Amino acid sequence: METRKLQEVGGGTYTVSIPKEWATTHGFEAGMELQLYTHRDGSLLVRSSDADVNCLNEATVDVDGGGADAVERAVRTAHAVGFETITLHRTGAFSDAERRAARSTVRGLVGTNILSESDAEITIRHLLDTSSVSVRQSIVQLQYVVVALLRDATDAFVDAADTQTSIRDRADEARRSAEMVTRHFSRSLISHAELDALGVSRPDLFAYSVLASRLKAVADLAVRIASTGEKLPEPLSDGTAADVCAVADDVAGAVDDAVTAVLNGDEETVHAARRRCDEATEGVEAIEQALYDGAVSDTVPEAVALADALSTLRQTVNCGRRMADTAARTAIRAENADTCIRA
């Protein structure tokens with residue numbers, strides 16, 4: 001890093017000198033027009049070209065030969081990267097199945113719509129204004145949905161109930177929110193303006209992106225727990241059901257506390273979240289031990305289903321523990337940033 005003094009030229013104009021070697025290395029020449037960007041974090045960015053920023057404006061993706069799956073993958077990938085306009089192109093005409101795949105995928109993305117269709121092209125546009133998005137509030141909403149989903153999925157499991165449609169629909173809602181956060185994070189890696197529009201710092205947005213990914217994983221695990229109930233020949237006994245629901249409630253609480261710890265960013269909340277994760281793990285292990293001792297199941301199908309559900313709950317606790325680790329890193333960074341400012 002080099003330092004330079006701000007010089008006043010006159011008439012209210014200031015200049016900063018750039019070392020000639022540095023300018024030559026980066027292709028700067030006398031008389032060249034430069035782009036200057038200011039940002040809410042106090043940084044001043046100097047660019048010789050805005051090509052890398054504008055590269056997020058549009059993308060054309062060839063989907064020849066891949067069928068409907070290739071269309072879905074292309075839309076999801078280009079959307080996650082952060083392109084505003086996505087044009088799918090293929091040699092020859094799109095099949096009906098490929099068009100249905102494009103429409104179905106677009107319906108599952110937040111703020112996205114199909115602008116136009118022709119025989120060989122489908123153009124998709126992201127219409128949501130970034131300045132209207134609150135990533136933090138999106139995480140809070142995602143937290144609420146996923147924690148409730150986990151508890152409801154466990155209720156469905158112990159009752160051997162068929163609630164797959166409602167559980168999957170709510171999991172899809174969580175996935176859409178998580179993918180929106182991922183999209184904004186991807187865009188921020190290139191565009192400082194994205195951060196300004198969102199009103200968050202890059203470290204905070206990274207933490208939110210990690211949370212979104214983990215919460216999406218928890219939603220998927222909740223679907224797995226509910227579907228495991230299909231293996232039960234009949235609902236669990238009242239005693240076993242109460243034990244499983246109590247443990248699942250602890251697991252959901254651990255996930256909830258871990259997300260809150262990241263959002264709050266203080267070490268006390270981090271320690272509380274980690275304790276909750278440990279307690280939830282102990283609860284899962286206690287039922288597993290009782291299962292292996294033959295104390296909570298009378299049939300093999302029931303034992304298999306219960307073992308699968310407990311294994312999934314253990315994976316869910318691990319997701320919570322990883323979110324607590326993210327919270328710990330966030331808290332340490334915030335604490336030392338405050339120390340630097342005071343110094």
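A residue is called buried under 20% relative accessible area, exposed over 50%, and partly exposed in between (1.4 Å probe, protein chains only). By that rule Leu-44, at 56% relative accessibility, is exposed. The model is predicted: local features need pLDDT of at least 70, side-chain atom pairs count only at pLDDT 80 or more, and totals for chains, interfaces and linings use all residues. Residues are numbered from 1 along each chain as its sequence is written, and side-chain values use heavy atoms, leaving out hydrogens and water.

Start with the strands. Helices (H or I, at least four residues) and strands (E, at least two) are DSSP runs, numbered from the N terminus. Strand E1 (residues 7-10) pairs with strand E2 (residues 13-15) in the antiparallel sense, over three bridges. Two strands count as paired if DSSP finds at least two bridges between them. Gly-10 has Thr-13 in E2 as its bridge partner. Two residues separate E1 and E2 in this hairpin, and Gly-11 in the turn has a positive phi of about 65°. Leu-44 belongs to another strand, E4 (residues 44-47).

Now go inside. A nonpolar core is a set of buried Ala, Val, Leu, Ile, Met, Phe, Trp, Tyr and Cys residues joined through side-chain atoms within 4.5 Å. The largest has 71 residues, and Ile-139, Phe-157, Leu-236, Val-251, Leu-306 and Leu-313 have the most contacts inside it. Helices supplying at least two residues each include H5 (135-158), H9 (238-264) and H11 (300-342). A second, separate core of 17 residues includes Ala-74, Phe-83, Leu-88 and Phe-94.

Thr-312 also lies in helix H11. Thr-312 is buried because its relative accessible area is 2%. Leaving aside residues up to four places away in sequence, Thr-312 touches Leu-221, Arg-224 and Ile-225; contact means heavy atoms within 4.5 Å.

Charged pairs come next. A salt bridge is a side-chain nitrogen of Lys or Arg within 4 Å of a carboxyl oxygen of Asp or Glu. The whole structure holds 19 of them. Arg-76 pairs with Glu-179, with the closest N and O atoms 3.3 Å apart. This pair links distant parts of the chain, helix H3 (residues 67-81) and helix H6, 103 residues apart. Arg-76 is partly exposed at 23%, while Glu-179 is buried at 18%. Arg-175 forms a salt bridge with Asp-172 at 4.0 Å. These two are three residues apart in helix H6, so about one helical turn separates them. A network of salt bridges links Glu-72, Arg-76, Asp-172, Arg-175 and Glu-179.
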